[in-house]
Amino acid sequence: MTKSEFYNFFRKIPKAELHIHIEAVMSRETIKKLYQKKNGVEFSDSEIKELFSYSDLNGFIAAFLKVQDIFTEVSDFDLIFDDLKNYLVRNGIVHCEAFFAPSAFIKKGFDYGEMTKNFEKNLKKIKDETGITIWLMGDVSRTFGLENAENNYKMFKEHPFAGFIGIGLGGAEAKGPSKEFGPVFEKALADNYHAVAHAGEDVGPESIWDALNICHAERIGHGITSVQDSELVKYISENKIPVEVCPTSNVFTKKYVKKMAEHPVREMFDKGIPVTIATDDPIFFGAELLDEYWNLYSKLHFSKADLKKIVINSFDDSFLDDGEKAKFKNLVEENWK
Ligand code: HPA
Ligand code: ZN
């Protein structure tokens, strides 16, 4: 298959994306618009280039926080949701479970209740306009310690909204070890929220074990260092714990992946881990979901049949109910022909 045949084919296949951060899907136009509004001067191309230059996870997170700092009012999220809608449509994504990270917004004085009203309005608008469902998970964040994470969770619980399904644990993994966040995960799970964790992105397999044993995370984000521990690989595949793999993100943050052709997703898939493919932060890493599928096909020897399994996994690994999963998987079969 040529590249354009590949994109044309996979664009039409309905897919779910389960690991993406809404602040990181904004278009360059939106970044420029928000920057101009905040600073009264234009955001030059060289400044943008500098913003998107980093050589590790911590450098990337500093850039992520800078992007969040460009927001000046809650209604700025309207632009982000517009960009998200366009991104989902052009990649053939019909269901999305995405993160938002409130810590930086709360610190600058945004009202969380007002944010949730904006989110709810935009989720409904996108659903009405396109039929695409977007569910949101609040990143309690590991960057600012357990107390901040617990305060974030308290806030989530006080202001539930349609489409809010649970918590995530993102941020600086080496600074905020998974094992410190057990208490906030226990609360969220006891309250019947979903709970997922980034783990094994910037730290070895022990971080994944802790996310599973201490946080009881239902899905693992990244999980790429699982391949360093055969017991862990066996545990994850036997217990069918979904792992959201974001290939280009790992190439950018460099620690465990030097180039795409060496990405462990091939080994994870071959060893029976229920892998789902996602983009993490499209604007930061310059890769959209179709590009990630193409990377697997063109650089990691995934066959078309393997990719069909990855598409099916995207629904099976989601928090949709069984009826919705079956409906979407039937749609995949129909469109595959
Ligand atoms: N890792 C950790 N935190 C994040 C990421 C990521 O890839 N993206 C946004 N916040
Ligand atoms: Zn992420």
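Predicted model: local features only at pLDDT ≥ 70, side-chain atom pairs only at ≥ 80, totals over all residues.
1. Start with the zinc ion (ligand 2): its site is irregular, with angles of 86 to 167° among the four donor atoms. Residues are numbered from 1 along each chain as written, while chains are lettered from A and ligands numbered from 1 in written order.

2. Who holds the zinc ion (ligand 2)? His19 (NE2), His21 (NE2), His198 (NE2) and Asp280 (OD) do, lying 2.1 Å from it. Donors here are N, O and S atoms within 2.8 Å of the metal (3.2 Å for Na, K and Ca), and water is not among the atoms, so sites may look incomplete.

3. Along the chain, these donors are spaced H-x1-H-x176-H-x81-D. His21, in the loop between S1 (15-17) and H2 (28-39), and Asp280, in the loop between S8 (275-277) and H14 (282-285), are 259 residues apart. Both His21 and Asp280 are buried (under 20% relative accessible area, 1.4 Å probe, protein chains only).

4. Now the sheet: eight parallel strands form an open one, ordered S1-S2-S3-S4-S5-S6-S7-S8. Strands are DSSP runs of E, at least two residues; helices are H or I, at least four. Two strands pair if DSSP finds at least two bridges between them. S1 and S8 are at the edges with a single partner strand each, so one side of each lacks a neighbour in the sheet.

Terms used
Heavy atoms only, no water. Tetrahedral: all angles 85-135°; square planar, octahedral: opposite > 155°, others 65-115°. Buried < 20%, exposed > 50% of the residue type's maximum accessible area, 1.4 Å probe, protein only.
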